[in-house]
Amino acid sequence: MTSETDTKGIVESIPAAVLHGAISALGVSHVLIVPDTHQKTLLASLVQDSNLQMLTLSTEDEAICVNAGLWIGGAEPLVIIQNVGLFAAINALRGVAIDMKVPTCLIVGQFGRDVSKRVEDNVPTGVRLLEPVLQAMEVPFYRLDFAADVSVLRTAFERSRAERCPVVVLIGAPTS
Amino acid sequence: MKRGEALEVLAALKGDGISVGTMRAIPDWYELGAAPELNLDNRGCMGAASALGLGIALAQPQRRVIVIDGDGSLMMQLGSLTSIAGSGASNFYHFVVVNGVYETSGFQPIPAAGIVDFAAMAKGAGYRQAYEFDDIAVLRERLPGIFNQPGPAMVALKVELDDARKEVSPDRPKDQAGYLRAQLVG
C-alpha cells in the first residue's frame with residue numbers, strides 16, 4: 001500500500017474553508033472528532049455549521065467504534081483526529097474498522113510536522129512513523145499537502161465505502 | 001444473581017431493540033434467542049461495545065439499544081461514559097456484568113475489584129439513570145420501569161463467578177456489521 005500523491009518536500013497550509021467545503025460536499029451525516037491542534041481552524045469552522053452533526057469523543061479508538069456503530073445504523077460518518085491519536089487507536093482500527101469491514105474515513109493531522117522537510121525526514125516519530133505503520137496495517141492513505149489536491153478527500157471517502165475498509169487522509173501542514 | 005438469569009430477564013425485554021454484546025455474555029445471549037437478529041457481537045476489540053452501541057443509538061434513535069458490557073471491558077474504554085452522557089442518547093441502555101475478574105484469561109481480579117462502583121461513575125459522567133442490582137427478583141421488577149424512562153441508563157449487574165465455558169453459537173453471522181446494517185436499512 002502506498003501514498004498516492006507525490007512527495008514534493010514542501011507543503012502548504014490549506015484554508016479551513018477549502019476543507020470544510022469538500023467535507024460538506026461528501027454528504028456526511030456526522031463528523032466525529034477528537035480535537036487536533038493541527039486542524040484547529042477546520043474544527044472551528046465545522047462547529048459553526050448547523051448542517052453537520054458534530055460529536056466530540058473522549059478517545060480516538062472510541063471515535064472509530066462510534067463511526068462503526070453509526071455506519072451499521074445507516075449513517076455516513078467521518079472521523080477527524082490527530083496522528084498521535086491514530087497511534088492510540090490502532091487496536092480499534094484493527095479489530096473494528098478492518099476486521100468488521102467498516103467504512104472508516106479518517107482525516108488525520110500530522111501534528112508536529114516540520115513543514116520544511118519531507119515526512120520521511122521529519123524527526124518527530126508521531127509524523128515519521130505513521131505512514132509505515134499504516135502500510136504495515138494495510139490501511140490505504142493519501143497525503144493532502146496542497147489545496148489543489150483536496151479532491152483526495154472524496155477519493156478516500158468513496159474508497160472506504162466501496163472497499164468497506166479504513167482509509168486515511170493525512171493533512172500535512174496546520175490548516176489556516 | 002447469576003449472569004445467565006440476569007441476561008434472561010434482559011432478553012425477555014429486548015423486543016425490537018438492538019443489542020451489542022461482548023465477551024462471555026455472547027454465548028448466553030445466543031442461547032436465550034436474543035441473537036443473531038438485531039444484534040452485534042463485539043469480540044475483536046475489548047472495550048468497544050459501549051462506543052459501538054452509541055453509534056448505533058445515534059443512527060437509530062427510534063430503537064432501544066442495549067449494550068451488554070463487562071466490567072473489565074468497560075474499563076478499557078471508560079471515557080465512553082462521558083461521550084455517551086454528552087451525546088444525550090435517550091435510547092441507550094448500558095448493562096455492565098460486574099463479576100470483578102477478567103474471566104477469559106483466568107479470573108485475574110480487575111483493578112479495584114470489589115471497590116469500584118460503575119453506577120456511581122455513570123451517574124457522575126452524566127447518565128440520566130444509574131442502578132446496581134445483585135438480586136434477580138429486584139432486577140426483574142425494576143427493569144421495565146428503567147426501560148420506560150429515557151437513557152442514557154446504566155445498570156450494573158453484580159453477578160456470581162461463573163466458570164462454565166460455553167461455545168459461541170455457530171449461527172453467528174460472519175459479516176456481523178453488514179448483516180445488522182442490512183436489517184436496519186436494507
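Visitor: Which residues of H7(B) do Glu5(B), Ala6(B) and Val9(B) in H1(B) meet?
Guide: This is a predicted model, in which local features need pLDDT of at least 70, side-chain atom pairs count only at pLDDT 80 or more, and totals for chains, interfaces and linings use all residues. Residues are numbered from 1 along each chain as its sequence is written, with chains lettered from A and ligands numbered from 1 in the order in which they are written. Contact means C-beta atoms, placed from the backbone, within 7 Å, and helices (H or I, at least four residues) and strands (E, at least two) are DSSP runs numbered from the N terminus. On the H7(B) side, the partners are Ile136(B), Leu139(B), Arg140(B) and Leu143(B).

Visitor: How are H1(B) and H7(B) oriented to each other?
Guide: H1(B) covers residues 3-11 and H7(B) residues 136-147, and they pack at about 15° with their axes 10 Å apart. Axes are lines fitted to C-alpha atoms, for helices over the stretch in contact, and angles run from 0 to 180 degrees between N-to-C directions. Under 35 degrees counts as roughly parallel, over 145 as roughly antiparallel, 65 to 115 as roughly perpendicular and the rest as oblique. The pair is therefore roughly parallel.

Visitor: How many charged residues are in the contact of H1(B) with H7(B)?
Guide: Ala, Val, Leu, Ile, Met, Phe, Trp, Tyr, Cys and Pro count as nonpolar, Asp, Glu, Lys and Arg as charged, and the others, Gly among them, as polar. Five residues here are nonpolar and none is polar, while the charged ones number two.

Visitor: Which residues of H5(B) are buried?
Guide: A residue is buried if 20 or more other C-beta atoms lie within 10 Å of its own, exposed if 12 or fewer, and partly exposed in between. The cover includes H3 (60-72) of chain A, along with H3 (49-59), E4 (92-98) and H6 (118-125) of chain B. Within H5(B), residues 80-87, the buried ones are Ser80(B), Leu81(B), Ser83(B), Ile84(B) and Ala85(B).

Visitor: Which residues of H5(B) make its contact with H3(B)?
Guide: These helices also pack at about 15°, with axes 10 Å apart, and are therefore roughly parallel. The contact has four nonpolar, four polar and no charged residues. H3(B) brings Ser50(B), Ala51(B), Leu54(B) and Leu58(B), and H5(B) brings Ser80(B), Ser83(B), Ile84(B) and Ser87(B).

Visitor: Which element gives the largest share of the side of chain A that touches chain B?
Guide: The contact takes 25 residues from chain A and 27 from chain B. On the chain A side, the elements that give two or more residues are H3 and H5 (90-98). The largest share, ten residues, comes from H3(A).

Visitor: What is the radius of gyration of chain A?
Guide: Chain A has eight helices and six strands, and 49% of its 176 residues count as buried. The radius is taken over C-alpha atoms, and the globule rule is 2.2 Å times the number of residues to the power 0.38. That rule gives 16 Å for 176 residues, so chain A is as compact as a globular protein of that length, at 15 Å.

Visitor: What share of the residues of chain B is buried?
Guide: Chain B has eight helices and eight strands, and its C-alpha atoms fill a box of roughly 45 × 35 × 30 Å along the principal axes. Of its 186 residues, the buried share is 48%.

Key. Contact = placed C-beta atoms within 7 Å.
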